[in-house]
Amino acid sequence: MFRGERRLQIAALPFRREDGEVRVLLISSRGTKRWVVPKGWPMRGRLPHHAAALEALEEAGLVGRIAVAPIGFYTYPKRLKTGAIQPCEVDVYPLEVAKERKVWPEKGQRTRRWFSVADAAAAVAEPELSRLIAALAEPSSP
């Protein structure tokens with residue numbers, strides 16, 4: 001699926017409330033090991049928010065309540081297996097985490113870690129994603 005020249009992806013933004021504070025879970029990317037959110041391509045036969053929840057389960061072992069509508073999007077240049085760069089636009093769905101599985105499909109390939117909102121916003125490379133994460137600290141956040 002494309003939006004203009006950009007391919008569309010979906011992502012989950014995992015969070016939980018802990019002692020009145022919002023915490024955000026980030027995972028390491030497989031290639032560069034930088035901090036990212038679980039994301040992937042849309043899935044045929046699945047609504048976008050369901051696909052985002054499945055990415056969170058597969059990439060981070062997370063189960064929870066996913067929002068039906070995205071809170072925004074961010075863009076980034078994805079390096080494809082061919083080496084080509086594909087501009088991507090990623091719709092971001094908040095996921096309130098209820099359970100963290102001990103075993104999940106990509107466990108050996110990624111690290112997962114809980115951050116404060118400010119630290120998570122600082123840890124990601126994409127400025128638009130950083131702003132979406134920072135917005136979780138606002139009183140009207142999901």
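Predicted model: local features only at pLDDT ≥ 70, side-chain atom pairs only at ≥ 80, totals over all residues.
**Stop 1: the largest pocket**

Start with the largest pocket, which has a volume of about 660 Å³. Select Arg-30, Lys-39, Tyr-76, Lys-78 and Arg-110. Of the 21 lining residues, these are the closest to the pocket's centre. Now colour by element. Strand 5 (39–40), helix 1 (48–60) and strand 7 (72–79) each give two or more residues to the lining. Strand 7 supplies the largest share, with 4 residues. What kinds of residue make up the lining? There are 7 nonpolar, 5 polar and 9 charged residues.

**Stop 2: Gln-9**

Next, select Gln-9, in strand 2 (residues 6–18). Is Gln-9 buried or exposed? Its relative accessibility is 2%, so Gln-9 counts as buried. Show the side chain of Tyr-76 too. A polar contact of 2.6 Å joins it to the side chain of Gln-9. Then display the other neighbours. Leaving aside residues up to four places away in sequence, Gln-9 touches several residues, including Lys-39, Gly-40, Trp-41, Pro-42 and Lys-78. Cys-88, Glu-89, Val-90 and Asp-91 are also among its contacts.

**Stop 3: salt bridges**

The whole structure holds 11 salt bridges. Three of them follow.

Select Arg-16 and Glu-18. Their closest N and O atoms are 2.7 Å apart, in a salt bridge. Glu-18 is partly exposed, with a relative accessible area of 31%. Arg-16 is partly exposed as well, at 23%. Together with Arg-16 and Glu-18, they are linked in a network of salt bridges.

Move on to Arg-34 and Glu-126. Their side chains meet in a salt bridge of 2.9 Å, N to O. Where in the chain do Arg-34 and Glu-126 sit? Arg-34 is in the loop between strand 3 (21–28) and strand 4 (35–36). Glu-126 is in the loop between helix 2 (117–123) and helix 3 (127–134). The pair links distant parts of the chain, 92 residues apart. Arg-34 is partly exposed, at 30% relative accessible area, whereas Glu-126 is buried, at 8%.

Finish with Arg-65 and Glu-96. This salt bridge has its closest N and O atoms 2.7 Å apart. Glu-96 lies in strand 8 (residues 85–100) and Arg-65 in strand 6 (residues 62–66), 31 residues apart. Glu-96 counts as partly exposed at 23% relative accessibility. Arg-65, at 60%, counts as exposed.

Key. Residues numbered from 1 in each chain as written. Heavy atoms only, no water. 1 Å grid on protein atoms, 1.4 Å probe; cavity = no way out; pocket = protein on both sides within 12 Å on 5 of 7 lines; lining within 4 Å. Points joined across faces, edges and corners; volume = space filled by probe spheres on them. Nonpolar A, V, L, I, M, F, W, Y, C, P; charged D, E, K, R; others polar. Buried < 20%, exposed > 50% of the residue type's maximum accessible area, 1.4 Å probe, protein only. Polar contact = N/O pair within 3.5 Å; in protein donor to acceptor, adjacent residues only side chain to side chain. Contact = heavy atoms within 4.5 Å. Salt bridge = Lys/Arg side-chain N within 4 Å of Asp/Glu carboxyl O.
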